[in-house]
Every structure is written in structure tokens, then in C-alpha cells.
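Reader: I am new to reading protein structures. Could you walk me through one, feature by feature?

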Amino acid sequence: MTYTAGIIGTGGIAGMGILGMHDEEDIGRKKIEASHAGGYDAQTELDLVAVADVDDEKLERFGRAWEIPEERRYVGHEAMLEAEDLDVISVCTPSYLHHEHVLDAARSAAEPSLIWCEKPIASQVSAAEEMVQVCEETETELLVNHSFRFTDKLQKLRTLIQEEDLLGEIQSVSAQFRMELLRNSTHLLDTLVYLLDARAETVAGHITGENEAVDSLEAGRQVDDSGGGGFVVMDDGSFVTIDCTLPRAISSMTFNVIGTKGKLYMNNDDGEWRYWRLEDGDHVEELLPGIEGAWTWEDDYQRAFANAASHIVDVLEGDAANGSTGEEATRSLEIIIAFYLSHNTGGQVEIPLARPLRDVNVTSW
């Protein structure tokens, strides 16, 4: 069976490349496979048939690159949702628009069975919760593109930790990634809650107020999103420190995980994963069982979108449960919002957030 797909937002992650990740001369000119359109293109069961954007120039450029017929390139998402009957809709707009566009898509005449929404899920927790609720009411799967979840090595590592008890009970995690918290570090925090299968309980945060996207990535306007971090106590008892204060050029996505049966070092930028088994009080280094090499941006991340699209087909056909739900995506958002709340109040923040705090909005791109 072939499923039809449409995309709202024809910018970088939709299929035209992102500054800081892809070759600058290719951005906006060539098809980028590590994208939503690239994921659809990799699956014979998915057919990208329609796209929408408010920017005529971007819409035309994307339509030409991905061979979308002119009559199915829509100015404004409302026009596409009214005219098309779609099985899957990608939301690839800036994060502050995710809430509106997911709700519009779920309630639309297009009647999608699944919405593939870019990360982060939203800019405020209450918006994320409404997105989850409306998708439940309309029987629409909401799958959030925290793309690391769709990489083979990370899936295997989670199985080792959660099902095979590789590290025992997780006691401590320290993690580092680049600024900004919403735009980038949602990947780090989602990886954390994915591997630990846990939710934050107590958060203390620090916000630097610095971002590099306005200048180096040509974001075009100032926003709240910035570098930051702090500590998080998870509901499994583990203590986590987060540092997302560094600019892209000097940061590395790293995790140090310590458990009662062993420890793990992961550096995704340098492609180095190391594991030590705890034996009679000594850590003995061994190869990670069933994992050859380490996770890398060049290899694993490039395949993540094709893997996600394959997972979407499995979800649509009833062969798999949604592996990146809106509820799961809200866990990383809660931590980020709590960092901002803690910094601005000078105190620790408890999760779940109290009702008025769930409305706090952090603007990003």
C-alpha cells in the first residue's frame, strides 16, 4: 500500500538543508536526504504529493527540487489541508508554530492518520499537552522527530540498558551539548529520557542568555532560546548534570553514565563509545555487546530520517507502536522550561509543572 504525504514548511529540515549542518553551497539549491522529504523518498510506501509554505520563493524552490507538481504547491497550510486527502503530514515550521499547525492538521479535512512533527514539540508545556490531547481526540498519531530515536545504535543501546540491565540501576549522568536549549539541546534531553526511560522530578537551572543562531546561522531575529543547563533529579533516582552552554564549534555531544553494574562514555561528535563492566569493585573495559563502532553524525544521523519514515509505515500498518510520542517529547520540553523558570526565580522547580507554569513560553526558531 502507498501512503500519501504532505509537508507544512519548506525550509531546511523539510528537505533543503540547514546552515551549520550541510554544505553552504547546497543549502536551498539541492535536495538534502537527511530531511523529511528525504525520508519519504527513501520509502516506496510513502509518496510526497503536496507541500505548503507562506514564502512563495521557498515553495517554488522546494517544489522544483523535490518534483512536486505546481498545482500541489500551496501558499499557506490551510489551502493544502482543505484541498488534499493525506495519510501523513509533516510539520517543519519554526517551533513556535508547531502547536497551531499540528492542531490545524489534526482537525482538518485532510484527515491524516499520522503527523510527523519536528522537534521540539512546542514552546510551552501547555501547548504540547493540547497537541497530544487533540491528536488523541481525532485519532491521529503524533510522532515527534527526535531523530536520534530512529538510529539503530541508540535503539540497541536502550535495549541493553532497559531490557538487559547492562549498567544496573543508573545512579548518575553528566551530559554536554551545544547551545541553544530548545533548538539543539532538545536532542540531548530526549536522548536522556529515552535511554533512562525516566521523567524529571526536580530541576535547577542556569541560563546564559547567549545564542549563536542569530548571527552565525542567520536566524534573523532575537529570541529567548539560549545556552544553559543545570541539574535534574529523575524519577528513577538518578542525578543528572546538563551543560549546553557552548557554541557549535567547540562542543561535543557527550554522556557519562554510571550505574551499579558498569559505566558508559558516549561522544557522538568524535564517534567514540566506551563501556566498562563493574567487577569486584573494578571497572573492566569491554566492547558494547551487539554494537559495532559508535554513533556518528555522518553515518547514523544521515540514516535517521529514512529509518523514521520506515517506522511511520510500520505504525500506519499496525506493525509497531509509536516510538516517539508527544508525551515522550514533552518530557524534554519540561526540563528546558524548568531551567528557565529556575534561573528566573532563583529556586528549584518541581515536575510536573504547576498549571500556571505550564503556560510559560520560550521563543525559539
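Author: Gladly. Let's start with a pair of strands in this predicted model. Strands of a sheet pair through backbone hydrogen bonds, either parallel or antiparallel. Here, strand β8 (residues 200-207) and strand β9 (residues 228-234) run antiparallel and are joined by seven bridges.

Reader: How many bridges join β9 to β10, and in which sense do they run?

Author: They run antiparallel, with six bridges joining them. Gly-228, for instance, faces Cys-244 in β10. These two strands form a hairpin with four residues between them, and Gly-237 in the turn has a positive phi of about 90°.

Reader: Which strand of the sheet pairs with β10 in the parallel sense?

Author: That is β7, which pairs with β10 over six bridges. Arg-178 has Leu-246 as its bridge partner in β10.

Reader: In what order do the nine strands of this open sheet come?

Author: Read across, the order is β14-β13-β12-β11-β7-β10-β9-β8-β15, and the pairing is mixed. The edges are β14 (282-286) and β15 (349-350); each has a single partner strand, so one side of each is left without a neighbour in the sheet.

Reader: What is the strand order in the open sheet of six strands?

Author: The order is β3-β2-β1-β4-β5-β6, with parallel pairing. Its edge strands, β3 (73-75) and β6 (141-145), each pair on one side only. On average, neighbouring strands are turned by 20° against each other, direction ignored. Helix α9 (residues 297-316) packs on this sheet, touching β1 (3-8), β2, β4 (88-91), β5 (114-118) and β6, and its direction makes about 155° with that of β5.

Reader: How does the chain get from β5 to β6?

Author: Follow the chain through helix α6 (residues 125-137): this β-α-β crossover is right-handed. The two strands run parallel and are joined by five bridges, and Leu-114 has Glu-141 as its bridge partner in β6. As for cover, four of the five residues of β6 are buried.

Reader: Why do the buried residues of α7 line one face of the helix?

Author: First, the general idea. An α-helix has 3.6 residues a turn, so residues three or four places apart point the same way. In helix α7 (residues 152-162), the buried ones are Lys-153, Leu-154, Leu-157, Leu-160 and Ile-161. Seen down the axis of α7, they fall within an arc of 115°, so they line one face of the helix. What covers them includes β7 (170-178), α8 (181-196), β12 (262-267), β13 (272-279) and α9.

Reader: Which residues have the most contacts inside the largest nonpolar core?

Author: They are Leu-142 and Leu-157, in a core of 112 residues. Leaving aside neighbours within four places in sequence, Leu-157 is in contact with Leu-195, Leu-264, Met-266, Trp-273, Leu-288 and Ile-291.

Methods. Residues numbered from 1 in each chain as written. Predicted model: local features only at pLDDT ≥ 70, side-chain atom pairs only at ≥ 80, totals over all residues. Heavy atoms only, no water. Core = buried A, V, L, I, M, F, W, Y, C linked by side-chain atoms within 4.5 Å. Buried < 20%, exposed > 50% of the residue type's maximum accessible area, 1.4 Å probe, protein only. Contact = heavy atoms within 4.5 Å. Pairing = 2+ DSSP bridges. Axes fitted to C-alpha atoms, helices over the stretch in contact; angles between N-to-C directions. Arc of directions from axis to C-beta. Right-handed = clockwise from strand over helix to strand, strands pointing away.
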